[in-house]
Amino acid sequence: MTDVTVVVATRNRRAQLLDTLGRHAAPVILVDNGSDDGTPAAVARAFPAVRVVRLDENAGAGAARNIGVELADTPFVAFADDDSYWAPGALERAAAILRGRPGTGLLTGQVRVGREQRLDPVSAAMARAPLGTPPGAPGPAVLGFLACAVVLRRRAFQQVGGFTERLGTYGEEALLAM
């Protein structure tokens, strides 16, 4: 998968990362928010192909994701959390949709939780979005998204200024969606 880079923001989540990083079927940029549990070194040893960016302090998830997007050299970027990963084939499908629809800037994925793969309530609510599906769109227009479950057009993300960094972690998606 050469059209998509996965950007993962983390802080002190070594065990989760070592479990999920190998499941990504695309290049990964890991931006570490000042971990003090050995996360960057452990990832570098276990996954030498992952580009590890170490920040001196916790800049927040939004800022870390912005840094990852700037470093990516692919037209599309997918975000994942340190305890999540993209299902096999999902990134290829998203890239194909984005290539075929130049006016689409962001696709949100369906989030499944736990071993039972339960549909996350936020994903269920987005599927029922009141805006409907615009003609020619790949799915319903949504009012928001979960940052850990989107594939976006890198240039569009950069054009709108990325995530607002003053929010730190949590809620950065709402401002970008607006």
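With which side chain does the side chain of aspartate 32 make a polar contact? The points below take this up, together with the surrounding architecture.

1. The model is a predicted one, in which local features need pLDDT of at least 70 and side-chain atom pairs count only at pLDDT 80 or more, while totals for chains, interfaces and linings use all residues. Residues are numbered from 1 along each chain as its sequence is written, and side-chain values use heavy atoms, with hydrogens and water left out.

2. The partner of aspartate 32 is the side chain of serine 35, at 2.5 Å; a polar contact is here a pair of N or O atoms within 3.5 Å, of which, within protein, one must be able to donate a hydrogen and the other to accept it, and residues adjacent in sequence count only if both atoms are side-chain atoms. Aspartate 32 lies in strand S2 (residues 28–33), strands being DSSP runs of E of at least two residues and helices runs of H or I of at least four, numbered from the N terminus.

3. A salt bridge would need a side-chain nitrogen of Lys or Arg within 4 Å of a carboxyl oxygen of Asp or Glu. Residues up to four places away in sequence aside, aspartate 32 touches, among others, Thr10, Arg11 and Arg54, contact meaning heavy atoms within 4.5 Å.

4. Aspartate 120, in the loop between strand S7 (118–119) and helix H5 (121–127), is likewise buried without a salt bridge, the nearest side chain of opposite charge being arginine 118 at 7.2 Å. Leaving aside neighbours within four places in sequence, aspartate 120 is in contact with Val111, Val113 and Leu146.

5. Helix H3 (residues 61–71) is largely enclosed by the rest of the structure, because eight of its 11 residues are buried, among them Arg65 and Asn66.

Definitions and conventions:
Buried < 20%, exposed > 50% of the residue type's maximum accessible area, 1.4 Å probe, protein only. Lys, Arg positive; Asp, Glu negative; His and termini not counted.
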